[in-house]
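Please look over the sequence and the model shown below before reading on.

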Amino acid sequence: MNVSSRFDVVGHGVIVTGGASGLGLAYGEVLAAHGARVTLIDLDEAALAREVARLEGENLDVRGALADVTDHVALDRVIDEAADVHGRLDVAFANAGIDSGVGFVAGWAGSERPRVEEGALEGYTDERWNRVIDVNLNGIFATARAAARHMRPRRYGRIVVTTSLAATKVEPVIGSAYMAAKAGARHLVRCLALELAADGITANAIAPGFFVTNIGGGHAHDPDLQAMVAKDVPMHRVGQPDDVKPLALFLASPASEYVTGQEIVIDGGWGLGVAD
């Protein structure tokens, strides 16, 4: 067997939510670089136009679609349009996510103990909670639902969800709603895997730890913060979006045919692991 042929995604139709930056952009880049036809979905119109123009300038088959994953009617429409334009939908990266900031306590890497914020729970508004849940959990459900409509008839598909190390490891600096949503998304992936396996559709998750992206206001771009976090990981480095590209290609390709319902942790320097 020519193993490299199992990673062939030439001509595959791909959608990526949250595709204009960070991990979503990395997913789209690596699939397009290997011959897939990619639609990047995002609500940042300027960033979307900029990145699509850049990738088209590299002769990659990439297009953009403007949509908020909390608007399920609009999301259905752009995913249907992508499947129509590409002539098929093989891969869906449900990646869009937001982080509303510090949860009920405050602290960071290197802190001996977190500082409890008095009244933090009582001050956590419905609007803040619901928006994070709506993007990070409901948006994944809506993306998977729309993708499955196109994948089931062809009896083939790859759904890849971005969860987080925060789904299993409580960090005081991470928003409480974010952790709850990512934990829910982790279990949703397993539910999807059970339901869709008989139709040749796999569902897996990539769970990053500390990666340099724009989530949470882009605080991860701070070099001082990166240096502080790097001290706490064995490889003494934080994760960059390019680090996820080989894994994204594997999970999107025929090579992952017998992998489903798995959450693969990439802890920004800790290495790969499969969550229990």
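## The chain as a whole

A residue is called buried if its relative accessible area is under 20%, exposed if that area is over 50%, and partly exposed in between, as found with a 1.4 Å probe on protein chains only. By this rule, buried residues make up 51% of the 276 residues in the chain. This is a predicted model, in which local features need pLDDT of at least 70 and side-chain atom pairs count only at pLDDT 80 or more, while totals for chains, interfaces and linings use all residues. Residues are numbered from 1 along each chain as its sequence is written, and side-chain values use heavy atoms, with hydrogens and water left out.

The chain holds seven helices and ten strands, where helices (H or I, at least four residues) and strands (E, at least two) are DSSP runs numbered from the N terminus. Contact means heavy atoms within 4.5 Å, and among contacts in the chain between residues at least 6 apart in sequence, 74% join residues at least 24 apart.

Strand β1 covers residues 13-17, and five of its five residues are buried. In a regular strand the side chains alternate between the two faces of the sheet. Both faces of β1 are covered, with Gly13, Ile15 and Thr17 buried on one side and Val14 and Val16 buried on the other.

Two strands are said to pair if DSSP finds at least two bridges between them. Strand β1 runs parallel to β2 (residues 37-42) and is joined to it by five bridges, with Gly13 standing opposite Arg37 in β2. Strand β1 also runs parallel to β4 (residues 91-94), to which three bridges join it, and in β4 the bridge partner of Ile15 is Ala92.

## Helix α1 and the crossover

Together, β1, helix α1 (residues 22-33) and β2 make a right-handed β-α-β unit. A crossover is right-handed if, with the strands pointing away from the viewer, the path from the first strand over the helix to the second runs clockwise.

Helix α1 has twelve residues and reaches 17 Å from its first C-alpha to its last, close to the 16 Å expected at 1.5 Å a residue; the expected span is 1.5 Å times one less than the number of residues in the helix. Because eleven of its twelve residues are buried, α1 is largely enclosed by the rest of the structure. Among the buried residues of α1 are Leu23, Leu25, Tyr27, Glu29 and Val30. The helix is followed by Gly35, whose phi is positive, near 95°.

## Salt bridges

A salt bridge is a side-chain nitrogen of Lys or Arg within 4 Å of a carboxyl oxygen of Asp or Glu, and a search of the whole structure finds 17 of them. In one, the side chains of Arg88 and Asp90 meet at 2.7 Å, N to O; Arg88 counts as partly exposed at 27% relative accessibility, whereas Asp90 is buried with a relative accessible area of 0%.

Another salt bridge joins Asp199 to Arg152, the closest N and O atoms being 2.4 Å apart. Asp199 lies in the loop between α5 and β8 (201-208) and Arg152 in helix α4 (residues 126-154), so the pair ties together parts that are 47 residues apart in sequence. Asp199 is buried, with a relative accessible area of 15%, while Arg152 is partly exposed at 29%.

## A buried lysine without a salt bridge

Which side chain of opposite charge is nearest to Lys182? Lys182, found in helix α5 (residues 176-196), is buried yet has no salt bridge, and the nearest such side chain is Glu263, 8.7 Å away. Leaving aside neighbours within four places in sequence, Lys182 is in contact with Asn136, Thr162, Thr163, Ser164 and Ala167.

## Residues with positive phi

Asn59 has a positive phi of about 65° although it is not a glycine. Asn59 is found in the loop between α2 (45-57) and β3 (62-66), and it is exposed, with a relative accessible area of 72%. Arg155, which is not a glycine either, has a positive phi of about 55° and lies in the loop between α4 and β7 (157-162).

Methods: Lys, Arg positive; Asp, Glu negative; His and termini not counted.
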